[in-house]
Amino acid sequence: MRKRTIALCIILVGILLVPSLSTASLLRAQKNDLAFETVREQHLRDIQNHFPIIVPQGLYHTYDEMTILLQGLAINHSDIMSVVSIGKTFEGRDLWMVKLSDNVNQEEDEPDILFMGAHHGDEKPSYEVLIFFIQFMVDNYYNGTESVREAINNTELFIMPMVNPDGVEAGTRKNCAPNHGPFGLQKKITSIGVDLNRNYGYRWFLFFLCPWRYYKATSVMDRTNVYRGEYPFSENETQAIKSFMETHPIIISLSYHTSGELVLYPWGYTKNPPKDEEVFVSIGENISRLDNYTLSQSIYLYPTLGDDCDWAYGEYGIFSYTIELGTVQATSDPQDLLEMCTSHVNVNLYVCQRAQLLQKK
Ligand code: 0X9
Ligand code: CA
Ligand code: ZN
């Protein structure tokens, strides 16, 4: 009987103690709360420690997997790689811009090159080739691979694997911002998404001058897959790229898409050849030798109004190319994807060499 009373007492005290203990430890933790900087450092260390086990679950990285991978790589290779957010999408995702260069935190007098992927969220290989490229570059810098060292030491590579992360996560071509009718005049939401590759500002208004010529190149109807948005650069993503371009003297840009095995150069809005056609063709022919794709002025695929290449060339004189990877929108064959990734490492490295010659001119 006494034993039972003692046991009951112990259990009772135990029950009373448990919450008070946990409250006490909570209080202690709060008192010793870490300074923000320390939390940040700890968070970064966590990423670093977990980094080796972060590999994509599927064939393609998700946005979150890519984010963690890029941050981990930038921490592990902070002398040659940085990653910053140049804006946020409608759904709040950061738009990551990677920089690869020696003295990465300084802006040196070296040619700037821009690589972009996934303007269209349903063209997954277009960001995967760039994630692969980043990884390849940092993995091969220290072991002395000459072309890699040469590119990182003598150029500034800017790489934005996912221009449209909301679209990537939703599996859609367009972004995920709400539309309010063709010119944004309606109160209610009428549809979702703008085709970012129709939202750049070069000759954007031509549509209103000759709609019969451009009715296939773009669309004012917000429900269509090539909806251009309410006005030029109306979207967070294109706005972020515009601000970036205004502050970085890019010489060559490559914008990856799928599909068609094509290397395309401006113009997309007219059959007139670009003023620098000779240079476009000479660089383009070398790219197509490396990936075995067909080189063409982009309008011969079909006309577009408001794509990034016309704007980059028209506004800044950048040697801008669209590369249409593969034969299908998103291959499910790992071998096929790997082949795209490796051949375009070579394309990207070639472009770095060529940019140095352009700057010396
Ligand atoms: O339509 C586009 O934005 C690009 N093709 S895709 O199938 N990936 O959607 C092509 C843009 C290049 N410009 C022209 N073809 N004019
Ligand atoms: Ca540098
Ligand atoms: Zn595309």
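Hi everyone, let's start with what sits over helix 9: the cover on its buried residues includes strand 1 (81-88) and strand 2 (94-100). Please keep in mind that this is a predicted model.

So which residues of helix 9 are buried? They are Glu237, Thr238, Ala240 and Ile241. Looking down the axis of helix 9, you find these buried residues within an arc of 155 degrees, so they line one face of the helix. Over on the other side of helix 9, Glu246 and Thr247 are exposed. As for dimensions, helix 9 runs over residues 236-247, twelve residues in total, and spans 17 Å from first C-alpha to last, close to the expected 16 Å.

Now to the largest nonpolar core, which has 81 residues. The members that touch the most others are Leu100, Ile113, Leu130, Ile134 and Ile159. Helix 4 (residues 125-141) is the biggest giver here, with nine residues in this core. Let me pick out Leu100: setting aside neighbours within four places in sequence, its contacts are Ile80, Met81, Ile134, Met137, Ile152, Leu157 and Ile159.

Last stop, Ser296, which you'll find in strand 9 (residues 294-297). Why does Ser296 count as partly exposed? Because it has 16 C-beta neighbours inside 10 Å, and a residue needs 20 or more to be buried, or 12 or fewer to be exposed. Not counting residues up to four places away in sequence, Ser296 touches Leu262, Leu264 and Leu301. Tyr265 is 31 residues from Ser296 along the chain, yet their C-alpha atoms are 6.6 Å apart.

Note on methods
Residues are numbered from 1 along each chain as its sequence is written. Chains are lettered from A and ligands numbered from 1 in the order in which they are written. This is a predicted model: local features need pLDDT of at least 70, side-chain atom pairs count only at pLDDT 80 or more; totals for chains, interfaces and linings use all residues. Helices (H or I, at least four residues) and strands (E, at least two) are DSSP runs, numbered from the N terminus. The expected span of a helix is 1.5 Å times one less than its number of residues. The arc is that of the directions from the helix axis to the C-beta atoms. Two residues are in contact if their C-beta atoms, placed from the backbone, lie within 7 Å. A nonpolar core is a set of buried Ala, Val, Leu, Ile, Met, Phe, Trp, Tyr and Cys residues joined through C-beta atoms within 7 Å.
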